[in-house]
Amino acid sequence: MSILNVDTLQNRAGISTAVSLSDLYGGVAAAWVVFSTNNTNNCINESFNVITLVDEGSGLFRAIFERSIGIKQYVCLASSANGATDSSNTTGHLRYCMQQGVFTPGDFRIHVRNRGNTGIDDNYVTMMFFAKT
């Protein structure tokens, strides 16, 4: 493993490109997860800083962060879909994801609902978390 210690970063033209760590980390996700929920097998497909997923009921899931986000206020962007490839399949329309409970630095609860406001276990759910460090 190598360590890089520098005082100044410059591009090829010799212009400083130094940025603060706050600026650097402010534009990247603190955590994200893509998971499948098909009523029989909840599976994390890909993730960053999400160690596990807990099924807490129909359409209700809790993402547990591997490393605490560190603050109680952050942004979560989420989406869900059933994966239908037929454009005439209307079961994939009018889904929405909403926060369930309060923000905590260690986990996040989400409720996936359909147009009838009923919790649903959808085939694909994506969550991304952004926090200012």
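Some ground rules come first. Residues are numbered from 1 along each chain as its sequence is written, and side-chain values use heavy atoms, with hydrogens and water left out. Because the model is predicted, local features need pLDDT of at least 70 and side-chain atom pairs count only at pLDDT 80 or more, while totals for chains, interfaces and linings use all residues.

Let us begin with the overall layout. The chain holds 1 helix and 8 strands, where helices (H or I, at least four residues) and strands (E, at least two) are DSSP runs numbered from the N terminus. Along the sequence, these elements follow the pattern α-β-β-β-β-β-β-β-β. Of the 133 residues in the chain, 24% are buried; buried here means under 20% relative accessible area, exposed means over 50%, and partly exposed lies in between (1.4 Å probe, protein chains only).

Now to the sheet. Four strands make an open sheet in the order E3-E4-E7-E6, with antiparallel pairing. Its edge strands are E3 and strand E6 (96-99), each of which pairs on one side only. On average, neighbouring strands of this sheet are turned by 25 degrees against each other, direction ignored; the axes are lines fitted to C-alpha atoms, and angles run from 0 to 180 degrees between N-to-C directions. Two strands count as paired if DSSP finds at least two bridges between them, and E4 and E7, which run antiparallel, are joined by 5 bridges. If you look along this pair, you will find Ala-63 opposite Phe-108 in E7. Strands of a sheet pair through backbone hydrogen bonds, either parallel or antiparallel.

The charged side chains come next. The structure holds 3 salt bridges, each defined as a side-chain nitrogen of Lys or Arg within 4 Å of a carboxyl oxygen of Asp or Glu. Glu-56 meets Arg-62 in one of them, at 2.8 Å from N to O. Glu-56 also meets Arg-109 in a salt bridge, again with an N to O distance of 2.8 Å. Glu-56 lies in strand E3 (residues 50-57) and Arg-109 in strand E7 (residues 107-113), so this pair ties together parts that are 53 residues apart in sequence. Both are partly exposed: Glu-56 has 29% relative accessibility, and Arg-109 has 31%. Asp-107 forms a salt bridge with Arg-62, the closest N and O atoms being 3.1 Å apart. That pair links Asp-107 in strand E7 to Arg-62 in strand E4 (residues 60-65), 45 residues away. Asp-107 is buried, at a relative accessible area of 12%. Through shared partners, the salt bridges join Glu-56, Arg-62, Asp-107 and Arg-109 into one network.

A polar pair is worth a stop too. Ser-36 lies in strand E1 (residues 31-37) and is buried, with a relative accessible area of 15%. The side chains of Ser-36 and Asn-45 are joined by a polar contact of 3.0 Å.

Trp-32, Phe-48, Val-75, Leu-77 and Met-128 make a nonpolar surface patch of about 410 Å². Leu-77 sits in strand E5 (residues 75-81) and is partly exposed, with a relative accessible area of 42%.

Note on methods: Patch = residues over 30% accessible without salt bridge, like charges linked within 9 Å, V, L, I, M, F, W, Y side chains within 5 Å. Areas by Shrake-Rupley, 256 points an atom, 1.4 Å probe, with all protein chains shown as cover. Polar contact = N/O pair within 3.5 Å; in protein donor to acceptor, adjacent residues only side chain to side chain.
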